[in-house]
Amino acid sequence: MFDLKGRVAIVTGGNGGIGLGMARGLARAGARIVIAARNEAKSKSAVQELEALGPGARAVATDVTDEAAVRRMVQATLAAFGRLDILVNNAGTNIRKPPHEVTLAEWRQVLDTNLTSAYLCSHAAYPAMKAAGGGKIINIGSMMSIFGAGFAPAYAASKGGIVQFTKACAAAWAKDNIQVNAVLPGWIDTELTQQARRQVPGLDENVLRRTPTGRWGVPDDMAGVAVFLASRASDFVTGTAIPVDGGYSIQG
Ligand code: NDP
């Protein structure tokens, strides 16, 4: 039920953090992986690690805000592995400022990287998935898909949008046997949140106090939900948003 042998997955931003944690899970379950991100040195090292875990991996240098690059990412995947079954829209960024300090350029950078990228990648992947008779799209939201934060207006808007975009795609593509779901990670220890801990006073203490499991997540905590949402086990699950947060979102 969870076997991904013969399947091919693109993981955007899969060269580190949550994306690499998910890619490790998919590779161990038997999928071949394409890592789509900008930093080629990081992608190369991720590919080496994934090749040791599963049946194959490639890096395709991609800026997910660039429509032409995203189309090339899908073409390169089909050229390398002959099919595309799973797309993980994980690439993301944040600029931490209150709304009155965010410039239009910063707003666009966050929305383009976190939300428009999911549209571009899903749009580019759809024809191959439809032709193959089905597929799985996993979008990465956040606790800020549910809550707000004064220091992250563009990020919260993008992550709220991801959940609604997920529902729209799920409704549109159910007839094509493409399931589209979102994962809402809690606070996971990655480069992104190491930066946040430096920029937001008290964040570390607040996360530890509020998370019932009493710890930050690690990227490998995201592997299981990725395998579930990429496999036959989730064939009747679509349009939903699953928190993977150590209980952060159930504690007031
Ligand atoms: P990281 O900073 O470790 O990873 C971000 C990834 O996104 C990198 O691999 C980066 O690769 C890639 N990326 C950024 N911009 C682009 C771009 N324009 N084109 C292609 N790739 C890009 O952060 P996380 O692992 O923490 O974040 C991954 C996702 O999880 C994000 O969507 C984030 O919002 C979300 N998230 C994280 C949480 C956490 O606690 N860590 C909580 C909730 C959600 P490169 O620079 O090489 O392009």
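I take a polar contact to be a pair of N or O atoms within 3.5 Å; within protein, one must be able to donate a hydrogen and the other to accept it, and residues adjacent in sequence count only if both atoms are side-chain atoms.

**Ground rules.** I am working on a predicted model, where local features need pLDDT of at least 70, side-chain atom pairs count only at pLDDT 80 or more, and totals for chains, interfaces and linings use all residues. I number residues from 1 along each chain as its sequence is written, and side-chain values use heavy atoms, with hydrogens and water left out.

I looked up Asn-15 and found an N or O atom of its side chain 2.5 Å from a ligand oxygen. At Asn-39, a backbone N or O atom sits 2.7 Å from an oxygen of the ligand. For Val-64, I noted a polar backbone atom 2.9 Å from a ligand nitrogen. The ligand has 880 Å² of accessible area on its own (Shrake-Rupley method, 1.4 Å probe), and the protein covers 92% of that area.
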